[in-house]
Structures are given as structure tokens and as C-alpha cells.
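Have the sequence and the 3D view ready as you read.

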Amino acid sequence: MPQGQPSVVPKDGLTTRQRRNRPLLMVHTGEMKGKSTAAFGMALRGWNQGWNIGVFQFVKSAKWKVGEESAFKALGQLHEATGQGGPVEWHKMGEGWSWSRKAGSEEDHAADALEGWREIQRRIAAESHDLYVLDEFTYPMKWGWVDVDEVVETLTSRPGHQYVVITGRNADQRLLDAADLVTEMTKLKHPMDAGQKGQRGIEW
């Protein structure tokens, strides 16, 4: 897209404005770090537009405090106090999402992940958020806990003006085919290759 110009203008009957404002289904996949970070960057820009932001983390432990969570919760409080930006909800395992409130078997986790997906389906049907960040949601699909075809059907038929970004490795081809924007994070070099662990401010 040189200088932001699309290489093809489809004959879909839409105006340039309608096409530009069409809500997107986006996937960030690949082996390299940065998938969630890029999604949170989108959420930050959406918040600045006054969007209602919903973040749903499917794999990260509730004990793992990531910097983006603290920042977005502060932005949510700023919105409540001043009206600036938009409202923010951040849900992760162990904080209101039942699939990790307690240790359990794989069957327990699978059932709870499905319950979490059902809640997201309800929110999509109710048009609760402008942007959904489904962080590491590729894994419940890969593990068979959530049906990929059902996910694709729900997301491609979602009502209203709702953006969705899904992150995680090994995204199913059916999801990639349905998405409007797909980014693959490819590793060229990483400090862990030289035995260096994650750093404060970089990984969390």
C-alpha cells in the first residue's frame, strides 16, 4: 500500500468512506514476540477514539501482572473520572473468568474456556464493545476446547460496528481465511537465543 493507497479498489458497491470504516477481523500469529503488544497498541488507539475496549486473556495467569493491564485500567479510570477516551474492561484467568479460578483437569479448563467464549458471544450479540482483544485465543481453538468453525461463523456474522483482534501462535487456517488482516510475527533474532531471559519493561 504505497502512501496508504490500496492496490485494488473492489467493485463492491461501497463508497470509500464505507469501505474505510468497515470493522475488521484481525489475527496476529507467528512464533515471535509482539503479537499481544501489537493488539494492545490497536486498543490504545481505539481508546483514544473513544471506543469501548474489551480485553479477554485466555492463557495468561492471573498472577502474571503485565504492564499493559495496569496502563489500561488506569485509562479506564481516567475515562470514568473525566470522560476522556473510552471505557475499558480487562478480563483474564482468575479475575472473573471462571476457567482459572482454581486448579483443575484439562477437561475442567476446556469447559471453562468454552464458557468464556460463550460470554464473548453474548457480548458480541449485544454489541457490548467496539474493539475486542481476544488474547492468546488461538490456543483454545488449537487444543479443541472451542470449535473453530463456530468462532469463524460468530465473528464473520457479528452485528454492528465491532472490531476483533485475535492473538496467538498456530492460528487455524480457517480463521486466517476469514480474517481481513493477518500479521505473522517471524523471529529473526531474540535475546533468548543467547540465553538471556525476559526483561522488566520489555516482556512485562
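Strand 3, residues 88-92, is mostly covered, with four of its five residues buried. Please keep in mind that this is a predicted model. Is His 91 buried or exposed? The relative accessible area of His 91 is 16%, and because the cut-off for buried is under 20%, His 91 counts as buried. The His 91 side chain also has a polar partner: it makes a polar contact with the side chain of Glu 89, at 2.8 Å.

Now for the sheet that strand 3 belongs to. Six strands form an open sheet in the order 3-2-4-5-1-6, and their pairing is parallel. Strand 3 and strand 6 (181-184) are the edge strands, each pairing on one side only. From one strand to the next, the twist averages 10°.

Strand 2 (residues 53-57) is joined to strand 3 by five bridges, and these two run parallel. Strand 2 also pairs with strand 4 (residues 131-135), again over five bridges and in the parallel sense.

| Residue in strand 2 | Bridge partner | Strand of partner | Bridges between the two strands |
|---|---|---|---|
| Val 55 | Trp 90 | strand 3 | five |
| Gly 54 | Tyr 132 | strand 4 | five |

Which helix packs on the sheet? It is helix 2, residues 35-48, and the strands it touches are strand 1 (25-29), strand 2, strand 3, strand 4 and strand 5 (163-167). The direction of helix 2 makes about 165° with that of strand 4.

A last stop is the loop between strand 1 and helix 2, where you will find Gly 30. Gly 30 has a relative accessibility of 9%. Buried means under 20%, so Gly 30 is counted as buried. Which residues does Gly 30 touch, leaving aside those up to four places away in sequence? They are Lys 35, Gly 168, Arg 169, Glu 184 and Met 185. Of these, Lys 35 lies within the residue range of helix 2 (35-48), and Glu 184 within that of strand 6 (181-184).

Definitions and conventions
Residues numbered from 1 in each chain as written. Predicted model: local features only at pLDDT ≥ 70, side-chain atom pairs only at ≥ 80, totals over all residues. Heavy atoms only, no water. Buried < 20%, exposed > 50% of the residue type's maximum accessible area, 1.4 Å probe, protein only. Pairing = 2+ DSSP bridges. Axes fitted to C-alpha atoms, helices over the stretch in contact; angles between N-to-C directions. Contact = heavy atoms within 4.5 Å. Polar contact = N/O pair within 3.5 Å; in protein donor to acceptor, adjacent residues only side chain to side chain.
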